[in-house]
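Take a walk through this structure, one place at a time. Keep the sequence beside the picture as you read.

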2 protein chains.
Amino acid sequence: MYIVLAPNTGNTMNLLIATLASSRHFNCEIPGANFKSASPISRFPLRTAHQFNSSSSLFSFTHEVAAERARKEQHAMPDNGKLRWGIAGCGRISNDFVAALTTLPSGEHEVAAVAARDRVRSEEFAKRFGIPKVYHSYEALAEDDQIDVIYIGTVNSEHTKLCKQMLHHKKHVLCEKPLTLRLQDTKDLFAFARQNGKFLMEAIWTRTFPAYKQLKSEIEQQTIGDVQLVTANFGCNAPNVPSLAQRNLGGGVLLNVGCYMIQLATLVFPNKMPTSIKAAATLNDDGVDETTAITLQYEDGAIAQFLMSTRVELDSAARIVGSEGTIEIEAPFLAPTQMLTPSGKYHFVLPFIDEKFPTNFINSAGLSYEAAEVRRCILAGELECPWMTHADSILDAEIIEKICKEIKVNYD
Amino acid sequence: MYIVLAPNTGNTMNLLIATLASSRHFNCEIPGANFKSASPISRFPLRTAHQFNSSSSLFSFTHEVAAERARKEQHAMPDNGKLRWGIAGCGRISNDFVAALTTLPSGEHEVAAVAARDRVRSEEFAKRFGIPKVYHSYEALAEDDQIDVIYIGTVNSEHTKLCKQMLHHKKHVLCEKPLTLRLQDTKDLFAFARQNGKFLMEAIWTRTFPAYKQLKSEIEQQTIGDVQLVTANFGCNAPNVPSLAQRNLGGGVLLNVGCYMIQLATLVFPNKMPTSIKAAATLNDDGVDETTAITLQYEDGAIAQFLMSTRVELDSAARIVGSEGTIEIEAPFLAPTQMLTPSGKYHFVLPFIDEKFPTNFINSAGLSYEAAEVRRCILAGELECPWMTHADSILDAEIIEKICKEIKVNYD
């Protein structure tokens, strides 16, 4: 028997969930969920009512949280609930983000403008996706009062400045990782966002994948007991890509790839700073890391071990081993569709991006999960995403900064 | 097309190799190889003569080495070339070792005696394998002048003392890993063996597997270019096995499992001490490590990353990543039968142990490779095994001692 779960994806689904909710197999509250179209859908085999109840906590929120959210909604709703996106930067990840937006209901998301310094590329980008406005400066994008939220997909070294610029102009912001190149900048940026009363999220899209929501739920419910070990690898052979290789652009495998591993550790060990951080790396001629091996140890002895490279290909699976069982997140663990838990194998079907919008990154249709979540937060008047909070980003940045010190990489 | 390679395994094979040697596909010298029966056999697909020439170096020795060996053979040959084994300790690994010996020609290996303190167990052991003599002290075994070589399979903490006892009585020795619990003891032991003119080998059986001989050949010939990364995992859920858990027995995952990983690193980076050794571990109540994560870094930046546990199950595969390609040693990497290289997939068929001799460890029929190699060395008057030299064991022990210091485990 299959239960079809589709957060933020449609009226049809709403009806299905409502029907299921009345059955004995479905017993959860979904005050914050927003079911609006039949795609994407996520399936998993339902073996027992107990097992399903466990999964249902994905959508369970306390009454207090729901009430607080409803209060905020009074003054945070954009016109008609349609979120108007401005895109800063028109590179590969921006392409995939906008392509992913096409899988969401057009009544909910609109790409209103794109801005980039390169006139030819930005105009091509706008044409590709039918975006009505093109700006050739980020300042002009920031000043457009017909835009609700900015997606920042530029090179890393531009992130901090652009975030501030957009927040200053009262835009909500979803900014690609890493949010900044230094811990203090990350802290300052979140403080600035709060001062301006605007939503800010580091675009760790991973956290908004259904598999990660399920993972978080399983960890919280200790379905694998106490976590003892977390492992993940990720490696690609791309040593000469400027954004990965150049220090002045915020290159380095830790900053660009390692963040996916660090966020896994901080999801599994929430709010915990490792008691020991050890790392070794091979640096390139520009002084940023190409291959990095990391070991984090936590207060109770639990260990996280990661390996990452922009020089060699590696599997990109992750594993969380607990005292009572193991969860395996199949490759690519940073954008997963399959996960093996003690209760069975989960398969989460990605949305489908039309072939007329070619994408660059594996499973990048999953950027739609992140976009949908950003909309949900903004509609609800939330200043941070509960799946990737400000505290999460700050903790990750602190660990990353300590590792950088250990491997002698610095971005000053 | 298949070429069947069978070192130390038979006359039939000898004939086959001789025939092949006259063909254009086979072009190697095999002065030290000893082909004596049709099993075990190791197969691999042969695609080009060049590829086979590469593999053939497994058996190629310089004329100098062969001449030196012939000279030594004059005064080192046991009667009739049959090696008479004495077994010290009758636990699980000794069982598997003697079971593996049954796969070798009875004209080449004979188990002459077994010794253990437990009278019931040792007599059962002797009965199981039809061993003619049972001793209830190791001293008595050492004094038996009808024995050529002792296999030591006792608990770790007994190894050093027993090795010395056997060497003192002019026995050759194959001793289970770890040879000792401390670097200095390892050095002393090899010096003692040399003083006594006897063969001594730390029983890292892994090194004598055909897959590892092939691996060593590929590394030396740089078929994957410069090695940049070595990874391996091994984990089993056996936290309460005394020999793994108790400090006074030489327990701990590093000493008992980690040695397989360290030897992989020192095979790939021969004679090199890492420039940086980092490790984190979870210790048990007795002060030995249950889960250990290790990062070794070498002078040129290459990294070895290992993860091992006696607390949780882990894959036990290994990977060697070079600038030009990757070699994957499939699980179990410490006793492998399958290996993936840039030139194709190798499958090495294990000898077959009769079902009347049940074994304890995976692929333990491969202990016969080690036993056959010990015989070859002793016949040739060699004091150390070229696949696992004294220097190899000392280097491994030095790295292990440094890791022990790092994770605060000591055996003093």
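Leaving aside neighbours within four places in sequence, Arg84(B) is in contact with Glu110(B), Ala112(B), Asp145(B), Gln146(B), Ile147(B), Asp148(B) and Val149(B). The model is a predicted one. Arg84(B) belongs to strand S3 of chain B, residues 83-88. Is Arg84(B) buried or exposed? Its relative accessibility is 16%, so Arg84(B) counts as buried, the cut-off being under 20%. One of its contacts can be followed down to the atoms. A polar atom of the Arg84(B) side chain lies 3.2 Å from the backbone oxygen of Gln146(B).

Now move to chain A. Look for helix H4, residues 92-101. This helix is mostly covered, with 8 of its 10 residues buried. The buried ones are Ser94(A), Asn95(A), Asp96(A), Phe97(A), Val98(A), Ala99(A), Ala100(A) and Leu101(A). What do the buried residues of H4(A) pack against? Their partners in chain A are strand S3 (83-88), strand S4 (109-115), helix H5 (119-129), S6, S7 and helix H12 (367-379).

Strand S6 of chain A covers residues 149-152. It runs parallel to S7(A), and 4 bridges join the two. Val149(A) stands opposite His172(A) in S7(A). In a regular strand, side chains alternate between the two faces of the sheet. Strand S7 of chain A, residues 172-175, is covered on both faces. His172(A) and Leu174(A) are buried on one side. Val173(A) and Cys175(A) are buried on the other.

Last comes the place where the chains meet. How many residues of chain A are in contact with chain B? The count is 27, and they touch 27 residues of chain B. The area buried between the two chains is about 2100 Å². Carbon and sulfur atoms give 56% of that area. In chain A, Lys278(A), Gln305(A) and Arg319(A) lose the most area to chain B. Together they make up 24% of what that side buries.

Across the interface, the rule finds 4 salt bridges. It also finds 12 residue pairs in polar contact, both residues at pLDDT 80 or more. On the side of chain A that touches chain B, five strands each supply at least two residues: S9 (227-235), S10 (276-283), S11 (289-297), S12 (303-309) and S13 (318-322). The residues of that side divide into 12 nonpolar, 9 polar and 6 charged.

Key
Residues numbered from 1 in each chain as written. Chains lettered and ligands numbered in written order. Predicted model: local features only at pLDDT ≥ 70, side-chain atom pairs only at ≥ 80, totals over all residues. Heavy atoms only, no water. Contact = heavy atoms within 4.5 Å. Buried area = accessible area lost by both parts, 1.4 Å probe. Salt bridge = Lys/Arg side-chain N within 4 Å of Asp/Glu carboxyl O. Polar contact = N/O pair within 3.5 Å; in protein donor to acceptor, adjacent residues only side chain to side chain. Nonpolar A, V, L, I, M, F, W, Y, C, P; charged D, E, K, R; others polar. Buried < 20%, exposed > 50% of the residue type's maximum accessible area, 1.4 Å probe, protein only. Pairing = 2+ DSSP bridges.
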